[in-house]
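Here are my notes on the model, as numbered points. Please read them with the structure open.

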Amino acid sequence: GRGEVRAAPDMALINSGVTTQGATAREALDANTAAMAELIAALKDAGIEARDIQTSGFSVNPNYVYSDARDENGYTLPPKINGYQVANTVTVVVRDLADLGSILDKSVTVGANTVNGVTFSVDDPSELLDEARKAAYAEAREKAELYASVSGATLGDLESITEQQSFNTPQPY
């Protein structure tokens, strides 16, 4: 049997952060640290609790400059490092959806230059999952009774129950 339950989301997850560049890795990291501190302070000022702000990604990468120049054997010269890029992302839980727009606005205003997306969900889906389980069992029982009556058999004891979950999130158009 199959049971499906839908519900309006009551929370959102924002994945955003700051990408900075500098002549050295230290310069890029220092700029990123300052920008992230400002972003996190703005999120806390907007009412987001510290437990709802989690680092979800961090990277330091060189910026390469490629050249068409060739050596005496005709081989392309290797790229040269022309600075560094630091990217730091956080996942933020927004528990009051009415604040979502203003939180996104504040984030971008204070320097979040990377927004990887917003995901909507239900904070505690346990009751919804139980409703789906009940509907799945009822459908499975109904089918079993139909098969038994059509074949002239009777239902025996329940031998096994297996659960598979799949969550279908809304797809953008």
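1. Start with Asp52. Setting aside residues up to four places away in sequence, Asp52 touches Thr91, Val92, Val93 and Arg95 (contact means heavy atoms within 4.5 Å). Asp52 sits in the loop between α1 and β2. Helices (H or I, at least four residues) and strands (E, at least two) are DSSP runs, numbered from the N terminus. Is Asp52 buried or exposed? Asp52 is buried, at 5% relative accessible area. The cut-offs are under 20% for buried, over 50% for exposed and partly exposed in between, with a 1.4 Å probe and protein chains only.

2. A word on the basis. This is a predicted model, in which local features need pLDDT of at least 70 and side-chain atom pairs count only at pLDDT 80 or more, while totals for chains, interfaces and linings use all residues. Residues are numbered from 1 along each chain as its sequence is written, and side-chain values use heavy atoms, with hydrogens and water left out.

3. Asp52 also belongs to a charged group. Glu49, Arg51, Asp52, Arg95 and Asp123 are linked in a network of salt bridges (a salt bridge is a side-chain nitrogen of Lys or Arg within 4 Å of a carboxyl oxygen of Asp or Glu). Within it, the side chains of Arg51 and Glu49 meet at 3.0 Å, N to O. Arg51 is exposed, at 51% relative accessible area. Glu49 is partly exposed, at 43%.

4. Which parts of the chain does the bridge between Asp123 and Arg95 link? The N to O distance in this salt bridge is 3.3 Å. The pair links distant parts of the chain: Asp123 lies in the loop between β4 and α3 (126-151), Arg95 in the loop between β3 and α2, and the two are 28 residues apart. Asp123 is partly exposed, with a relative accessible area of 47%. Arg95 is partly exposed as well, with 35%.

5. The whole structure holds eleven salt bridges. One of the pairs is Arg6 with Glu4, whose side chains meet at 2.9 Å, N to O. Arg6 is exposed, at 71% relative accessible area. Glu4 is partly exposed, at 44%.

6. Now helix α1. Its 21 residues (25-45) should span 30 Å at 1.5 Å a residue, and its end C-alpha atoms are 30 Å apart, which agrees. The expected span is 1.5 Å times one less than the number of residues. Ala28, Asn32, Ala35, Met36, Leu39, Ala42 and Leu43 are buried in α1. Seen down the axis, these buried residues fall within an arc of 120 degrees, so they line one face of the helix. The arc is taken over the directions from the helix axis to the C-beta atoms.

7. What covers that face? The cover over the buried residues of α1 includes β1 (11-22), β2 (53-65), β3 (80-94) and α2 (100-109). Turned away from the buried side are the exposed residues Arg26 and Asp45. Just after α1, Gly47 takes a positive phi of about 100 degrees.

8. The largest nonpolar core has 16 residues, and Leu39, Leu43, Ile48, Val92, Val94 and Ile103 touch the most other members. Such a core is a set of buried Ala, Val, Leu, Ile, Met, Phe, Trp, Tyr and Cys residues joined through side-chain atoms within 4.5 Å. β1, α1, β3 and α2 each give two or more residues to this core. The largest share, four residues, comes from α1. Val94 is in contact with Met11, Ala12, Ile14, Ile48, Leu100 and Ile103, leaving aside neighbours within four places in sequence.

9. Val118 is in strand β4 (residues 114-121). Val118 is partly exposed, at 31% relative accessible area. Beyond four places in sequence, Val118 touches Ala12, Leu13, Ile14, Leu100 and Leu104. Val118 and Leu13 are 105 residues apart in sequence, yet 5.5 Å apart in space, C-alpha to C-alpha.

10. How many aromatic pairs are there? The rule takes rings of Phe, Tyr and Trp (its six-membered ring) with centres within 6.5 Å; planes under 30 degrees apart are stacked, over 60 edge-to-face and the rest tilted. The count is one. The ring centres of Tyr64 and Tyr66 are 6.4 Å apart and the planes are at 45 degrees, so the pair is tilted. Tyr64 is partly exposed, at 43% relative accessible area, and Tyr66 is exposed, at 63%.
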